[in-house]
Amino acid sequence: MPETTCTLCGRPYWSGPSHWCGNCLSSPPPYQSARAAVVYGGEAAHSILKLKYHGGLNQAAALAALFCERDVIKTETLADIVIPMPLTAERLARRGFNQAAELAAEVFGEKSVPVSERILERTHDGHRRLAALSAKERRQAVKGCFRVAAPQEVRGAAIMLFDDILTTGSTAGEAARTLMEGGATRVDIRTIARTVPAQWR
Ligand SMILES: [Zn+2]
């Protein structure tokens with residue numbers, strides 16, 4: 001991931017200073033920042049796919065190390081709680097584990113920030129192909145996908161939402177919106193990788 005990004009959503013820039021991108025200026029997201037360690041592709045993509053779809057739990061340590069090597073973890077100091085992006089109960093049952101939780105356990109296991117899987121619930125998956133929709137359609141498609149299950153732990157808390165990949169950011173945005181509505185003081189999104197559309201490169 002290049003050094004210069006949108007200071008809010010983390011969209012990478014390959015030249016010039018960091019600044020807010022046009023999307024964030026016209027429609028600021030409900031989180032304080034989103035950052036990823038790497039651009040999705042190559043070895044990292046291979047490891048993430050293996051972890052998610054081929055039960056490759058042994059990939060989690062290497063991916064966590066990749067994340068920790070980069071500076072993206074810095075805001076750990078800002079967070080009271082780390083919440084791995086939840087899966088719906090159906091998807092969790094099918095996959096047998098939540099990859100975001102496995103990665104969060106690797107990254108934060110030795111650190112003093114608690115990781116909690118029971119604060120935020122995913123009630124449904126929403127639209128499958130978000131990338132094909134406009135930004136507005138995506139916000140609609142994921143609306144109401146999350147529920148705060150432990151309101152007392154969200155009120156007044158600075159929260160880090162942790163996931164393997166950030167794609168359109170709409171799902172993470174909806175999770176952040178739900179947590180902010182629940183009284184969180186801030187939500188920062190951290191992922192191992194983020195997809196970067198060709199037109200941004
Ligand atoms: Zn932005």
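## Buried cysteines at the zinc site

A residue is called buried when its relative accessible area is under 20%. By that cut-off C9 is buried, because its relative accessible area is 9%. C6, at 0% relative accessibility, counts as buried too. Keep in mind as you read on that this is a predicted model.

Both cysteines belong to the zinc site: the ion is coordinated by the SG atoms of C6, C9, C21 and C24, at 2.3 Å. Along the sequence, these donor residues follow the spacing C-x2-C-x11-C-x2-C. What arrangement do the 4 donor atoms make around the zinc ion? They subtend angles of 107 to 115°, so the arrangement is tetrahedral. For reference, the ideal angle for four tetrahedral donors is 109.5 degrees.

## An open parallel sheet

Let us turn to the sheet. Its 4 strands are arranged in the order β1-β6-β5-β2, the sheet is open, and the pairing is parallel. β1 (33–39) and β2 (81–84) each have a single partner strand, so they stand at the edges, with one side left without a neighbour in the sheet. On average, neighbouring strands are turned by 20° against each other, direction ignored.

Which residues cover the two faces of β2? I81 and I83 lie on one side, V82 and P84 on the other, and all of them are buried. As background, side chains in a regular strand alternate between the two faces of the sheet.

Helix α3 (residues 59–69) touches β1, β5 (158–166) and β6, and its direction makes about 120° with that of β6. Helix α8 (residues 170–181) touches β2, β5 and β6, with its direction at about 165° to that of β5.

## A closer look at α8

The span of α8 agrees with expectation: at 1.5 Å a residue, its 12 residues should span 16 Å, and its end C-alpha atoms are 16 Å apart. Because 9 of the 12 residues are buried, α8 is largely enclosed by the rest of the structure. Among the buried residues are S170, A172, E174 and L179. After the helix comes G183, which has a positive phi, near 100°.

Note on methods. Residues are numbered from 1 along each chain as its sequence is written. This is a predicted model: local features need pLDDT of at least 70, side-chain atom pairs count only at pLDDT 80 or more; totals for chains, interfaces and linings use all residues. Side-chain values use heavy atoms; hydrogens and water are left out. Two strands pair if DSSP finds at least two bridges between them. Axes are lines fitted to C-alpha atoms, for helices over the stretch in contact, and angles run from 0 to 180 degrees between N-to-C directions. Contact means heavy atoms within 4.5 Å. The expected span of a helix is 1.5 Å times one less than its number of residues. Buried means under 20% relative accessible area, exposed over 50%, partly exposed in between (1.4 Å probe, protein chains only). Donors are N, O and S atoms within 2.8 Å of the metal (3.2 Å for Na, K and Ca); water is not among the atoms, so sites may look incomplete. Four donors count as tetrahedral if all angles lie between 85 and 135 degrees; four count as square planar and six as octahedral if opposite donors are over 155 degrees apart and all others between 65 and 115; anything else is irregular.
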